[in-house]
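Please examine the sequence and the fold shown below.

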Amino acid sequence: MLHSWSVQADWNAPTVIGGEGARLHLEDGRSVLDFSSLAECSNLGHQHPRVVAAIRAQAERLCFVTNAWGAAPRAELAARLLALSGFAGGRVFFTSGGAEANEHAVKIVRQATRRPRGVVVARDRSYHGATHLAMALSGDARTAAQVDAGAFGVTHVPPPYAYRCPWNSRTAEECADRAASAVGERIDALGVANVAAVIIEPNAGSNGIIAPDRYWPALRRETAARGVPLIADEVMSAFGRCGEWFAWQRHGETGRPDAMTLAKGLTGATVPLGAVVLGAELAAQLEHEALQTGLTYCGHPLACAAGVAALRAYEDEQLIPRSRALGAELLAALRAMMQRHAVIGDVRGGHGLYAVVELVEDRDSRAPLAPWPATPVGLAALTNAAMDEGVSFATRGNLLLLAPPLVIAEHEIASALALLDRLLGRFFPSTPGGGA
Ligand SMILES: Cc1ncc(COP(=O)(O)O)c(C=O)c1O
């Protein structure tokens, strides 16, 4: 087999045979604390008993029925998603994962706006998936050469990357405003009638950008003023990861997009599932004409049953407020760690259990430890050493992405952070407080 995002000849990851809570059990008898929810997706931890039971029960009742027919767990899950998001009168299209959800959001919104080849505005330093249109949407240095975004009708604008602001803004707020205005300006330059949609991640992104607070509402105003639908890619940021069911909800109604895409935490990653959730206005445009798309497995009953059980678990176990509270503590602990390690240039996030730590060569110049998107040698050595000590951390380039399952115990967070603190000192020794 081929392992994703890996050099095949160097691949030496462990084999996992089971899991429980935030821990994964390995074939060699060890157990590892998962501090990234694997691909920021196992929000409910591993083998959540209620979700596993729901999958088993659905398998015994009915494994599959095509999406052209009805299925009880599919209808229930769609209704729950519309209720949780407040998209009254909207509709849900299920897919098998996040890339497919973004592909379908674009396809469906192009149909609904009667702009079948309308341009889609997306952002640099973003990630929307690894199928071809999703790669075109992504502003991702790893895959940019594989796809001609323009041929897919996609154009990119600079990101609200306040730590390295593309406009050299002096404050995060100014950077956010410039980035939001850039979307409006691009739409105007293209001509509103030629633009089908804007697709952007409202908060967390696997490329490590966390927009300043005022960005999303400002972006919403820019797109609404021009009547261009805004699609929120919530594949990673939803289901508590950013402290809300959906990250845009942090801004209340001023943050409501016209559509959003989901995957990952939707089933706690137990069974592959993605979704496009359309607001009422877009849904109304599709009521009396054939939807020109479909997937054999869209709305697979086993996945939808897992989704229904996952939503109940988030709710009953109060995991979303828990993530909010623990996220704030995580951020505070990382800021304290920053005082001890000059290699930490920036710490961001923490609205929920998702935080990004950006490592730098020099804190004053903000010179990166390695050119993006390469992983610095010291960071690779740190994560290998952490794994040897039983904690799995995710990285991307110069970034550590901290995103443990929302069920993680507080003492587990404390022990992972103590290990990180120790390993930062070992692999990036510096004068305490140096460069601060
Ligand atoms: C924001 C975002 N969108 C889309 C995707 C793609 O999802 P999938 O890997 O399920 O296709 C990801 C995956 O990391 C993501 O983080």
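Helix α7 is followed by Gly227, whose phi is positive, near 65 degrees; helices here are DSSP runs of H or I with at least four residues, strands are DSSP runs of E with at least two, and both are numbered from the N terminus. The model is a predicted one, in which local features need pLDDT of at least 70, side-chain atom pairs count only at pLDDT 80 or more, and totals for chains, interfaces and linings use all residues. Residue numbers start from 1 along each chain as its sequence is written.

The buried residues of α7 are Tyr215, Trp216, Ala218, Leu219, Arg220, Glu222 and Thr223. A residue is termed buried if 20 or more other C-beta atoms lie within 10 Å of its own, exposed if 12 or fewer do, and partly exposed in between, with C-beta atoms placed from the backbone. The cover over these α7 residues includes α6, β7 and β8.

Helix α6, residues 172–190, contains 19 residues and spans 27 Å from its first C-alpha to its last, close to the 27 Å expected at 1.5 Å a residue; the expected span is 1.5 Å times one less than the number of residues. Its buried residues are Cys175, Ala176, Ala179, Ala180, Ala182, Val183, Gly184 and Ile187. They pack against β5 (119–123), β6 (154–157), β7 (195–200) and α7 (215–225), where contact requires that the C-beta atoms of two residues, placed from the backbone, lie within 7 Å. Just after α6, Gly191 adopts a positive phi of about 95 degrees.

Several of these strands belong to an open sheet of seven strands, with mixed pairing and the order β4-β10-β9-β8-β7-β5-β6. Its edge strands are β4 (91–95) and β6, each of which pairs on one side only; two strands pair if DSSP finds at least two bridges between them. Neighbouring strands of this sheet are turned by 20 degrees against each other on average, direction ignored. Such angles are taken between axes, which are lines fitted to C-alpha atoms (for helices, over the stretch in contact), and run from 0 to 180 degrees between N-to-C directions.

Helix α3 (residues 72–85) lies across β4 and β10 and runs at about 125 degrees to β4. Strand β10 (residues 274–278) also pairs with β9 in the antiparallel sense, over four bridges, with Ala259 opposite Leu278. On the β8 side, β9 runs parallel to strand β8 (residues 230–233), to which three bridges join it; here Ala232 is the bridge partner of Met260.

How are the two faces of β9 (residues 259–262) covered? Side chains in a regular strand alternate between the two faces of the sheet. In β9, Ala259 and Thr261 on one side and Met260 and Leu262 on the other are all buried.

A further open sheet has four strands in the order β1-β2-β3-β14, again with mixed pairing. Strands β1 (16–20) and β14 (391–392) stand at its edges, each with a single partner strand, so one side of each is left without a neighbour in the sheet. The partner β2 (residues 23–26) runs antiparallel to β1 and is joined to it by four bridges, with Val16 and Leu26 as bridge partners.

The ligand is surrounded by 15 residues, of which the closest are Gly97, Gly98, Ala99, Gly129 and Val235; a residue counts as near the ligand if its C-beta atom, placed from the backbone, lies within 6 Å of it. Helix α4 (residues 98–112) supplies the largest share of this shell, three residues. By class, the shell divides into six nonpolar, seven polar and two charged residues, where Ala, Val, Leu, Ile, Met, Phe, Trp, Tyr, Cys and Pro count as nonpolar, Asp, Glu, Lys and Arg as charged, and the others, Gly among them, as polar.

Two loop residues complete the account. Leu44 lies in the loop between α1 (37–40) and α2 (49–61). Leu44 is buried because 29 other C-beta atoms lie within 10 Å. Its C-alpha atom is separated by 6.0 Å from that of Leu406, 362 residues apart along the chain. Neighbours within four places in sequence aside, the contacts of Leu44 include Val51, Gly268, Ala310 and Pro405.

Leu286 is placed in the loop between α8 (280–284) and α9 (301–316). Leu286 counts as partly exposed because it has 17 C-beta neighbours inside 10 Å. Neighbours within four places in sequence aside, Leu286 is in contact with Gln111, Ala112 and Leu291.
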